Amino acid sequence: QVQLVESGGGLVQPGGSLRLSCAAFGFTFRRYPMRWYRQAPGKERELVADISSTGGSTNYADSMKDRSTISRDNVKNTVYLQMNSLKPDDTAVYYCNAVVASYDYWGQGTQVTVSS
(Lines give C-alpha, C1' and ligand atoms only; values in the text may rest on other atoms or scores of the structure.)
Protein backbone atom coordinates (compact mmCIF):
# COMPACT_ATOMS: atom_id res chain seq x y z
CA GLN A 1 0.00 0.00 0.00
CA VAL A 2 1.50 3.28 -1.13
CA GLN A 3 1.81 5.83 1.63
CA LEU A 4 3.44 9.25 1.72
CA VAL A 5 4.01 10.95 5.05
CA GLU A 6 5.10 14.58 5.16
CA SER A 7 6.68 16.35 8.10
CA GLY A 8 8.68 19.44 8.90
CA GLY A 9 6.12 22.20 8.49
CA GLY A 10 5.48 24.86 11.05
CA LEU A 11 5.41 28.56 11.81
CA VAL A 12 8.40 30.55 10.61
CA GLN A 13 9.15 34.24 10.39
CA PRO A 14 9.65 35.92 7.02
CA GLY A 15 13.15 35.28 5.80
CA GLY A 16 13.37 32.02 7.68
CA SER A 17 13.95 28.49 6.47
CA LEU A 18 12.25 25.14 6.72
CA ARG A 19 13.10 21.65 5.55
CA LEU A 20 10.17 19.45 4.65
CA SER A 21 10.46 15.68 4.50
CA CYS A 22 8.29 13.07 2.85
CA ALA A 23 8.77 9.43 3.76
CA ALA A 24 7.51 6.95 1.19
CA PHE A 25 6.22 3.45 1.79
CA GLY A 26 4.76 0.64 -0.26
CA PHE A 27 6.49 1.09 -3.61
CA THR A 28 9.98 0.97 -5.07
CA PHE A 29 10.81 4.58 -4.29
CA ARG A 30 14.07 4.75 -6.24
CA ARG A 31 12.24 4.09 -9.52
CA TYR A 32 9.87 7.04 -9.41
CA PRO A 33 10.09 10.79 -9.79
CA MET A 34 8.72 12.72 -6.86
CA ARG A 35 7.01 16.07 -6.58
CA TRP A 36 6.18 18.69 -4.00
CA TYR A 37 2.99 20.71 -4.37
CA ARG A 38 1.42 23.38 -2.25
CA GLN A 39 -2.06 24.77 -1.80
CA ALA A 40 -2.73 28.13 -0.23
CA PRO A 41 -6.15 29.05 1.14
CA GLY A 42 -8.55 29.84 -1.69
CA LYS A 43 -6.04 28.87 -4.36
CA GLU A 44 -5.47 25.87 -6.55
CA ARG A 45 -2.81 23.33 -5.76
CA GLU A 46 0.41 24.20 -7.56
CA LEU A 47 3.59 22.32 -8.35
CA VAL A 48 6.56 23.58 -6.36
CA ALA A 49 9.35 21.26 -7.43
CA ASP A 50 10.02 17.84 -8.88
CA ILE A 51 12.95 15.47 -8.92
CA SER A 52 13.83 12.53 -11.14
CA SER A 53 14.10 9.01 -9.82
CA THR A 54 17.87 9.22 -9.47
CA GLY A 55 17.89 12.79 -8.23
CA GLY A 56 19.91 13.89 -11.21
CA SER A 57 17.29 16.23 -12.58
CA THR A 58 15.21 18.80 -10.74
CA ASN A 59 12.72 21.48 -11.72
CA TYR A 60 11.21 24.35 -9.78
CA ALA A 61 8.27 26.68 -10.05
CA ASP A 62 9.31 30.23 -10.76
CA SER A 63 7.92 31.27 -7.39
CA MET A 64 10.38 29.03 -5.53
CA LYS A 65 13.32 29.01 -7.88
CA ASP A 66 16.55 30.11 -6.18
CA ARG A 67 14.90 29.79 -2.78
CA SER A 68 14.36 26.07 -2.58
CA THR A 69 16.13 22.78 -3.14
CA ILE A 70 14.48 19.44 -3.70
CA SER A 71 16.52 16.34 -2.94
CA ARG A 72 16.03 12.68 -2.21
CA ASP A 73 17.61 9.80 -0.37
CA ASN A 74 16.86 6.54 -2.16
CA VAL A 75 18.16 4.52 0.78
CA LYS A 76 15.88 6.23 3.29
CA ASN A 77 13.01 6.42 0.76
CA THR A 78 12.59 10.07 1.55
CA VAL A 79 12.28 13.24 -0.49
CA TYR A 80 13.08 16.64 0.95
CA LEU A 81 12.27 20.25 0.21
CA GLN A 82 14.60 22.84 1.69
CA MET A 83 13.02 26.29 1.58
CA ASN A 84 14.88 29.49 2.34
CA SER A 85 14.04 33.19 2.43
CA LEU A 86 10.44 32.32 3.10
CA LYS A 87 7.75 34.90 2.44
CA PRO A 88 4.19 35.21 3.71
CA ASP A 89 3.02 34.19 0.23
CA ASP A 90 4.66 30.81 0.81
CA THR A 91 2.05 30.05 3.45
CA ALA A 92 0.28 26.89 2.32
CA VAL A 93 -0.20 23.22 2.93
CA TYR A 94 2.66 21.38 1.25
CA TYR A 95 2.02 17.96 -0.24
CA CYS A 96 4.26 15.20 -1.45
CA ASN A 97 3.18 13.39 -4.63
CA ALA A 98 4.08 10.26 -6.52
CA VAL A 99 2.51 8.76 -9.62
CA VAL A 100 2.72 4.99 -9.31
CA ALA A 101 1.10 2.68 -11.88
CA SER A 102 -0.67 5.74 -13.35
CA TYR A 103 -2.29 6.55 -10.03
CA ASP A 104 -1.70 9.80 -8.16
CA TYR A 105 -0.75 9.34 -4.53
CA TRP A 106 -0.70 12.19 -2.04
CA GLY A 107 0.42 12.62 1.51
CA GLN A 108 -1.73 14.25 4.16
CA GLY A 109 0.15 17.52 3.80
CA THR A 110 2.16 19.64 6.19
CA GLN A 111 1.22 23.21 7.04
CA VAL A 112 3.77 25.96 6.46
CA THR A 113 2.90 29.35 7.88
CA VAL A 114 5.16 32.32 7.28
CA SER A 115 4.28 35.16 9.59
CA SER A 116 5.85 37.60 12.00
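**Exercise 1.** Determine which side chain meets Asp90 in a salt bridge, and where the two residues lie.

*Solution.* Step 1: a salt bridge requires a side-chain nitrogen of Lys or Arg within 4 Å of a carboxyl oxygen of Asp or Glu. Step 2: the side chain of Asp90 meets that of Arg67, with 2.8 Å from N to O. Step 3: Asp90 lies in the loop between strand E8 (78–83) and strand E9 (92–100), and Arg67 in the loop between strand E6 (58–60) and strand E7 (68–73), so the pair ties together parts that are 23 residues apart in sequence. Strands (E, at least two residues) are DSSP runs numbered from the N terminus.

The model is predicted: local features need pLDDT of at least 70, side-chain atom pairs count only at pLDDT 80 or more, and totals for chains, interfaces and linings use all residues. Residues are numbered from 1 along each chain as its sequence is written, and side-chain values use heavy atoms, leaving out hydrogens and water.

**Exercise 2.** Classify Asp90 and Arg67 as buried or exposed.

*Solution.* Step 1: buried means under 20% relative accessible area, exposed over 50%, and partly exposed in between (1.4 Å probe, protein chains only). Step 2: Asp90, at 2%, is buried. Step 3: Arg67, at 11%, is also buried.

**Exercise 3.** State which residues join Arg67 and Asp90 in one network.

*Solution.* Step 1: salt bridges that share partners connect Arg67 and Asp90 with Arg38 and Glu46. Step 2: Glu46 and Arg38 form a salt bridge, their closest N and O atoms being 2.6 Å apart. Step 3: Arg38 is buried at 6%, whereas Glu46 is partly exposed at 32%.

Technical notes
Helices (H or I, at least four residues) and strands (E, at least two) are DSSP runs, numbered from the N terminus.
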